[in-house]
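Hi everyone, thanks for coming. Let's walk through some charged pairs together, and then look at a pair of strands.

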Amino acid sequence: QYHQPESNTDFNIHTLQTTCPWEKNDQLLYINISAKEIDLKKIPPGNFVFLIDVSGSMDMPNRLPLIKEAFQLFVKNLRPQDKVSIVTYGGFVEVWLPSTPGDQKAKILESIESLTAEGDTPGESAIRLAYKVARNNFLPDGNNRIILATDGDFNVGENSEKGLDDLISNQSQTGIYLTCLGVGMGNLKDSKLQVLAKKGNGNYAYLDNSSEAERVLVKELTRTLYAVADDASVS
């Protein structure tokens, strides 16, 4: 159950220790950590950069088409004070859509719909460009976030976990969060995307169908794209 934190705290921690049902000599420790609820009427304006993998490996029904559908669902809930940029990478890297206000939904949706998949996967240079775009449109009191959508392949440029880890760690100090969305089956580099999201002060979600896309980017929007605390960890 959800336990609302005290008014002057960010988290409520509830613990329960019991005997382990299947091993009487062991104990089970249950820890419930609840962050404070976000008032939807007071959500800060968003500076979102969609970083979309449009390489050849994304040319499958459960990859780029699913990502396009997911982002279109997200865009329909944008407010005028929000803004969206799109950076794509596949063969080469480019700013597909400059920063556009949230009330220009038709323009943003059309830009997403026109995406096609081809080419290699220059992930490193794409990540660098996405952070540059996010910095150029930075909102001091807003939610500045890159949303990376990919099947996990980074086959051009820096593609080791450590190299990408270091790149994201350095960029995370700028106040820009990184959310990673993984798609596709079999070829998904799950652990790599989880590492990038963690080092980018963000989160990771795997999308395998339209319902999951709607859950992550619409129904659970505040859990996915808004933070109530920085540098928080449990060990």
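Arg215 and Glu212 sit 3 residues apart in helix α6 (residues 210-219), so about one helical turn separates them. Helices here are DSSP runs of H or I with at least four residues, strands are runs of E with at least two, and both are numbered from the N terminus. Arg215 forms a salt bridge with Glu212, with the closest N and O atoms 2.4 Å apart. By salt bridge I mean a side-chain nitrogen of Lys or Arg within 4 Å of a carboxyl oxygen of Asp or Glu.

Please keep in mind that this is a predicted model, where local features need pLDDT of at least 70 and side-chain atom pairs count only at pLDDT 80 or more, while totals for chains, interfaces and linings use all residues. Residues are numbered from 1 along each chain as its sequence is written, and side-chain values use heavy atoms, leaving out hydrogens and water.

How many salt bridges does a search of the whole structure find? It finds 5. One of them joins Arg63 to Asp151, with the closest N and O atoms 3.0 Å apart. Arg63 lies in the loop between β3 (46-53) and α1 (64-75), and Asp151 in the loop between β6 (143-150) and α4 (161-171), so this pair ties together parts 88 residues apart in sequence.

Now for the strands: β4 (residues 83-90) and β5 (residues 92-101) pair in the antiparallel sense over 7 bridges. Pairing requires at least two bridges found by DSSP between two strands. Ile86 has Leu97 in β5 as its bridge partner.
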